[in-house]
Amino acid sequence: MPELPEVETIRRQLAPHVEGRVVQHLEILDPRFTLPLAPDEVVDAVEGRRVERLTRRGKYFIFELQDDVFLMVHLRMTGNLLLDPAPDTPYQRVIFTLDDGHVVRFCDPRRFGTGELAIGADALEAFFAGRLGIEPLGDELTGPRLKAMARNRRAPVKAFLLDQRHIAGVGNIYADEALFRARIHPLRPAGKLTGAQCAALADAVKVVLAAGIDAGGSTIDDFRHPDGVAGAFQNDFLVHLRRGEPCPTCGTAVIKLVAAGRGTYVCESCQPRPRIRRRP
Ligand SMILES: [Zn+2]
């Protein structure tokens, strides 16, 4: 599943090709993409408008169009935006034809990806207000801020990190990698983290996301850049998908467990398991 670094990688590659271009033709082949709106409503709002900027919030792309029209695209499990792929590329759901002849195709085998519309800046704000928390790459994510957000939360810290309403854009891979670097067990209750742990975790989240972006994202499952090239961060995973391999810090075998319903990789020497207090 694409996470923030993969989305940001695609955005950076696509932006120079779409910004300033008019969407001459928008073809929505799968009406599920625009639910609850009908495809025609989205086509009417987008067609003929210039893309002023292609931005990102969490794992959403935002096509910022003329007249404060915004199209928010989410890749979900298997979506991808490809620039000028072969016209018969499989699993196409949406086709953007630009006024310079370039074509962006949204391909998505499992069809969970979405395209939602906001008319006006207030509608855009309202859309994200209930869905996304702070952007991890800006100045907002600090140890004290993280500690305040996690206060009284009994959920495991891994679940806390995956909840997009706290921090936007962190998914399974980068949560594992950040927790390992911060030496925090994924099952530790979020509200029990110390100030020092929160500071280490805030720092680790930024470091792993930045490293992921620098590597062009991670290529697992089907992730590809708009030009079809793959990312390389999977080669830099310290624990994720490394069950049985030696921890790069201490040599203990990495184990796999389930946290927040997701396969989770941990070195239980570097990331001590929280003690369970038994009732007397
Ligand atoms: Zn270790």
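**A glutamate and its surroundings**

Tutor: Glu-177 is found in helix 6, which spans residues 172-181; helices (H or I, at least four residues) and strands (E, at least two) are DSSP runs numbered from the N terminus. The model is a predicted one, in which local features need pLDDT of at least 70 and side-chain atom pairs count only at pLDDT 80 or more, while totals for chains, interfaces and linings use all residues. Residues are numbered from 1 along each chain as its sequence is written, and side-chain values use heavy atoms, with hydrogens and water left out.

With a relative accessibility of 0%, Glu-177 counts as buried, where buried means under 20% relative accessible area, exposed over 50% and partly exposed in between, for a 1.4 Å probe and protein chains only. Leaving aside residues up to four places away in sequence, Glu-177 touches Val-208, Asp-236, Phe-237, Leu-238, Val-239 and His-240, contact being heavy atoms within 4.5 Å. Glu-47, by contrast, is 130 residues from Glu-177 in sequence and 41 Å from it in space, C-alpha to C-alpha.

A search of the whole structure finds 7 of them, rings of Phe, Tyr and Trp (its six-membered ring) being paired if their centres lie within 6.5 Å, with planes under 30 degrees apart counted as stacked, over 60 as edge-to-face and the rest as tilted. Phe-63 and Phe-96 form a stacked pair, 5.3 Å centre to centre with 15° between the planes. Because Phe-63 lies in strand 3 (residues 60-65) and Phe-96 in strand 6 (residues 92-98), this pair ties together parts that are 33 residues apart in sequence. Both Phe-63 and Phe-96 are buried. Phe-237, for its part, pairs edge-to-face with Phe-233, at 5.7 Å centre to centre and 75° between the planes, and Phe-233 is buried with a relative accessible area of 1%.

Ring pairs also link Tyr-60, Phe-127 and Phe-128 into a cluster. The charged end of Arg-131 sits over the ring of Phe-127, 3.8 Å from its centre, and Arg-57 lies over the face of Phe-128 at 5.6 Å from the ring centre; the criterion is NZ of Lys or CZ of Arg within 6 Å of the ring centre and within 35 degrees of the ring normal. In helix 3 (residues 121-129), Leu-124, Phe-127 and Phe-128 are buried. Seen down the axis of helix 3, its buried residues fall within an arc of 85° (taken from the directions from the helix axis to the C-beta atoms), so they line one face of the helix. The face turned away from that buried side carries the exposed residues Asp-122, Glu-125, Ala-126 and Ala-129, while the cover over the buried residues of helix 3 includes strand 2 (51-57), strand 3, strand 4 (69-74) and strand 8 (114-119).

The last stop is the zinc ion, whose protein donors are the SG atoms of Cys-247, Cys-250, Cys-267 and Cys-270, lying 2.2 to 2.4 Å from it; donors are N, O and S atoms within 2.8 Å of the metal (3.2 Å for Na, K and Ca), and sites may look incomplete because water is not among the atoms. Angles of 100 to 117° among the 4 donor atoms make the site tetrahedral, a label that requires all angles of four donors to lie between 85 and 135 degrees.

Note on methods. Tetrahedral: all angles 85-135°; square planar, octahedral: opposite > 155°, others 65-115°.
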